[in-house]
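Biologist: I would like to learn how to read a few local features. Please show me the model and take me through them.

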Amino acid sequence: MKAYVKFMDGLPRIVKIIFALPILSFSWGFYRIAKSASKKNTIGVILAIILFFFSGFILWIIDLITIIVKGKILWID
């Protein structure tokens, strides 16, 4: 899990933006689950799973904006 989080954090900003587009946004869902699991944050894992299945339609817009502005996605960990 830590390797996946490190890989996603190390990507160039343009690749992160591409992954935030609606078709590929599931990769950030896996990232949220992996990041919370690597930090042993149970609430974060549960929230990430719920967001992965139910709010992917809106969350990709938030991801895209935060990647453009800050270079990373918004998450509780």
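Modeller: Start with contacts around one residue. Contact means heavy atoms within 4.5 Å. Beyond its neighbours within four places in sequence, Ser27 is in contact with Tyr4, Met8 and Phe19.

Biologist: What kind of model is this, and how are residues numbered?

Modeller: It is a predicted model, where local features need pLDDT of at least 70, side-chain atom pairs count only at pLDDT 80 or more, and totals for chains, interfaces and linings use all residues. Residues are numbered from 1 along each chain as its sequence is written, and side-chain values use heavy atoms, with hydrogens and water left out.

Biologist: Where does Ser27 lie, and is Ser27 buried or exposed?

Modeller: Helices are DSSP runs of H or I with at least four residues, numbered from the N terminus. Ser27 lies in helix H3. Buried means under 20% relative accessible area, exposed over 50%, and partly exposed in between, using a 1.4 Å probe and protein chains only. Ser27 has 8% relative accessibility, so Ser27 counts as buried.

Biologist: Which backbone oxygen lies 2.9 Å from a polar atom of the Ser27 side chain?

Modeller: The backbone oxygen of Leu24.

Biologist: How do I read a salt bridge?

Modeller: Side chains of opposite charge can pair when their charged atoms come close. The cut-off is a side-chain nitrogen of Lys or Arg within 4 Å of a carboxyl oxygen of Asp or Glu. A search of the whole structure finds one. Arg32 pairs with Asp63, and their closest N and O atoms are 2.3 Å apart. Arg32 lies in helix H3 and Asp63 in helix H5, so the pair ties together parts 31 residues apart in sequence.

Biologist: What surrounds Asp63?

Modeller: Asp63 touches Ala20, Trp28, Arg32 and Ile73, leaving out residues up to four places away in sequence. Helix H5 covers residues 56–70. Asp63 is at 2% relative accessibility and therefore counts as buried. Arg32 is buried too.

Biologist: Now a loop residue. Where is Asn41?

Modeller: Asn41 sits in the loop between helix H3 (26–38) and helix H4 (42–54). Its relative accessible area is 22%, so Asn41 is partly exposed.

Biologist: Which residues does Asn41 contact, leaving aside neighbours within four places in sequence?

Modeller: Ser36, Ile76 and Asp77. Asn41 and Ile76 are 35 residues apart along the chain, and their C-alpha atoms are separated by 9.6 Å. The Asn41 side chain also reaches the backbone nitrogen of Ile43 at 3.3 Å.

Note on methods:
Helices (H or I, at least four residues) and strands (E, at least two) are DSSP runs, numbered from the N terminus. A polar contact is a pair of N or O atoms within 3.5 Å; within protein, one must be able to donate a hydrogen and the other to accept it, and residues adjacent in sequence count only if both atoms are side-chain atoms.
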